[in-house]
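Hello,

Here is the structure I promised to pass on. Have a look, and my notes follow below.

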Amino acid sequence: MAAVIAWAALGVTRRVTGAAARLQVRGASGVPGGDEVFKAQQAAPGGAAPTIFSRIIDRSIPADILYEDQQCLVFRDVAPQAPVHLLVIPKKPIPRISQVEEQDKQLLGHLLLVAAQTAKAEGLGDGYRLVINDGKLGAQSVYHLHLHILGGRQLQWPPG
């Protein structure tokens, strides 16, 4: 017998059938990720206002932080799109991956290494996906560079 538990505030539906569980996240539009596309269409591509991520870095907004060093921070996404959904963000405020500069090479490599180490620590040895959204059409809803680590289930292809 399938049990269905819904958390309306997060738009999360979990169906459990026997030993198998599947987690799906649906936006207000009723399709997975629908809210994120809407948010991306409405997001301001930059400016003087601090982003939610800069506020997590300065601790004015709480987050479930898993890792921190001088260059970056890793925390759990509050609206997960997979059973494991983590965000890796640089402390340096880079709005978009398309706006990185030559001097960001070391930082970008560091973000990838931290993502791989965190995925391993979270038990994603069978695989995971790294995603970087860029701009409105790439569904970027927060203009502070961030890497999504998605895993914990079989991911589908193509992604979008």
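Why is β6 largely enclosed by the rest of the structure? Seven of the seven residues of β6 are buried, so the strand is largely enclosed. Buried here means under 20% relative accessible area, with exposed over 50% and partly exposed in between (1.4 Å probe, protein chains only). Strands (E, at least two residues) and helices (H or I, at least four) are DSSP runs, numbered from the N terminus.

Before the rest, a word on the source. This is a predicted model, in which local features need pLDDT of at least 70 and side-chain atom pairs count only at pLDDT 80 or more, while totals for chains, interfaces and linings use all residues. Residues are numbered from 1 along each chain as its sequence is written, and side-chain values use heavy atoms, with hydrogens and water left out.

Back to β6: both of its faces are covered. On one side V84, L86, V88 and P90 are buried, and on the other H85, L87 and I89 are. In a regular strand the side chains alternate between the two faces of the sheet.

The open sheet has five strands in the order β4-β5-β6-β8-β7, with antiparallel pairing; two strands pair if DSSP finds at least two bridges between them. At the edges are β4 (65–68) and β7 (128–131), each pairing on one side only. On average, neighbouring strands are turned by 20° against each other, direction ignored. The axes behind such angles are lines fitted to C-alpha atoms, for helices over the stretch in contact, and angles run from 0 to 180 degrees between N-to-C directions.

Five bridges join β5 (residues 72–76) to β6 (residues 84–90); F75 stands opposite L87, and R76 opposite L86. Five bridges also join β6 to β8, where V88 has L147 as its bridge partner. Helix α3 (residues 105–121) lies across β4, β5, β6, β7 and β8 (147–151), at about 155° to β6.

One residue I would point you to is D69, in the loop between β4 and β5. The D69 side chain does reach the backbone nitrogen of Q71 at 2.7 Å.

Best wishes

Technical notes. Contact = heavy atoms within 4.5 Å. Polar contact = N/O pair within 3.5 Å; in protein donor to acceptor, adjacent residues only side chain to side chain.
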